Amino acid sequence: MHKAERAYRLSIPASLDKLSTLRHWLEETLRSHSSLGVSDEQVFHIQLAVQEAAVNVVRHSGFADTNQAIDVTVTIADQIVAIELLYEGVEFGGTAPPPDFDSPGEGGFGLFIISQAMDEVEYGRSTSSRNFIRLKKQLSTKEVDTHDRN
Amino acid sequence: MIATEEEVGQTLVVQIAGTALDAETSKSFRKQIKDKLQGRKQVVLDLSELTFVDSSGLGVLIACLRQVSAAGGDLKLCGLSSQVRALFELVRMHRLFSIYNTRDEATRAFR
């Protein structure tokens, strides 16, 4: 039997000064979800990835004012943490090559951090005016329960 | 964003104030520190108050390192929390910077 999926939601104004609220809420959510054995490093990685995604939304989605919101949903099922950021405006997304470590630039690490910190990353458009960024992280490999097999 | 500055011999030691060096705060920190780093050859940045650094914060630290390197000097970091270390390791920046546990160790490394 699969453990029940649980979803947590937060809506923040699309503004850089609200991102610390998002980070703290994320940490609380991950640590307080019972049965999720999340390590400090995993919490950090998830916070980092969500921060980088949210910063890109704030900077690039063309919001004219901070009345725009970013809706964040964290879904935890078994040992998988799935996070979705929903926002309006110009879609942001794409892949980034790893930074050149011999001559690192002073910017452009954001997408690389997201791809390193999370197992799956997806960018897209969900409705006519809302865009999504979906991030997924598998916290531990889990053996399939014998009674899951048909 | 600069909490304290201290001269330890020839070394400028700067404590970064606040808990986050990130998209929200890193621009103003860079503005403040740029002049202070001008011409300095031995700099230690103490990150021990910080609990969060993102790519913007990292970018500013790299800019500081570059500035001091261009003057023929070196910039060292100390007091990294486990979160900040996790970022550095994730993007392999721990290979770029000289990182020490304490201010003392960092300043002694210049001797």
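Q: What does contact mean when residues are said to touch in this structure?
A: Contact means that heavy atoms lie within 4.5 Å. The model is a predicted one. In this sense A:Tyr8 touches A:Trp25, A:Thr29, A:His33, A:Val72, A:Thr73, A:Val74 and A:Ile76, leaving aside residues up to four places away in sequence.

Q: Why is A:Tyr8 called buried?
A: The relative accessible area of A:Tyr8 is 13%, and buried means under 20%, so A:Tyr8 counts as buried. The residue sits in strand β1 of chain A.

Q: What makes the pair A:Tyr8 and A:Arg6 a polar contact?
A: Their side chains are joined at 3.4 Å. A polar contact needs N or O atoms within 3.5 Å, so the pair falls inside the cut-off.

Q: How do you know that strands β1 and β2 of chain A are paired?
A: Pairing asks for at least two bridges, and β1(A) (residues 6–13) and β2(A) have eight, in the antiparallel sense. Therefore they count as paired. One of the details is that A:Arg9 has A:Thr73 in β2(A) as its bridge partner.

Q: How do you know that β2 and β3 of chain A are paired?
A: Seven bridges join β2(A) to β3(A) (residues 80–88), and the two run antiparallel. With at least two bridges asked for, they pass the rule. In β3(A), A:Leu85 is the bridge partner of A:Val72.

Q: What makes the phi of A:Asp78 worth a look?
A: Most residues other than glycine have a negative phi. A:Asp78 is not glycine, yet its phi is positive, near 55°. The residue is found in the loop between β2 and β3 of chain A, in a hairpin with two residues between the strands.

Q: Why is A:Asp78 called partly exposed?
A: Its relative accessible area is 26%. Partly exposed covers the range between the 20% limit for buried and the 50% limit for exposed, so A:Asp78 belongs there.

Q: What is the phi of B:Arg92, and why is this residue called partly exposed?
A: Phi of B:Arg92 is near 60°, again a positive value in a residue other than glycine. The residue lies in the loop between α3 and β7 (98–100) of chain B.

Q: What makes helix α3 of chain A mostly covered?
A: Of the eight residues in this helix (110–117), six are buried. They are A:Gly110, A:Leu111, A:Phe112, A:Ile113, A:Ile114 and A:Ala117. These buried residues pack against elements of both chains, including α2 (40–60) of chain A and α3 (82–90) of chain B.

Q: What makes A:Arg23 and B:Asp22 a salt bridge?
A: Their side chains meet at 3.2 Å, N to O. The rule asks for a side-chain nitrogen of Lys or Arg within 4 Å of a carboxyl oxygen of Asp or Glu, so the pair qualifies. The count between chain A and chain B is one salt bridge.

Q: How many residues take part where chain A and chain B touch, and what is the buried area?
A: The contact takes 23 residues from chain A and 24 residues from chain B. The area buried between them is about 2100 Å², with carbon and sulfur atoms giving 64%.

Terms used: Residues numbered from 1 in each chain as written. Chains lettered and ligands numbered in written order. Predicted model: local features only at pLDDT ≥ 70, side-chain atom pairs only at ≥ 80, totals over all residues. Heavy atoms only, no water. Buried < 20%, exposed > 50% of the residue type's maximum accessible area, 1.4 Å probe, protein only. Helix = DSSP H or I, 4+ residues; strand = E, 2+ residues; numbered from the N terminus. Buried area = accessible area lost by both parts, 1.4 Å probe. Polar contact = N/O pair within 3.5 Å; in protein donor to acceptor, adjacent residues only side chain to side chain.
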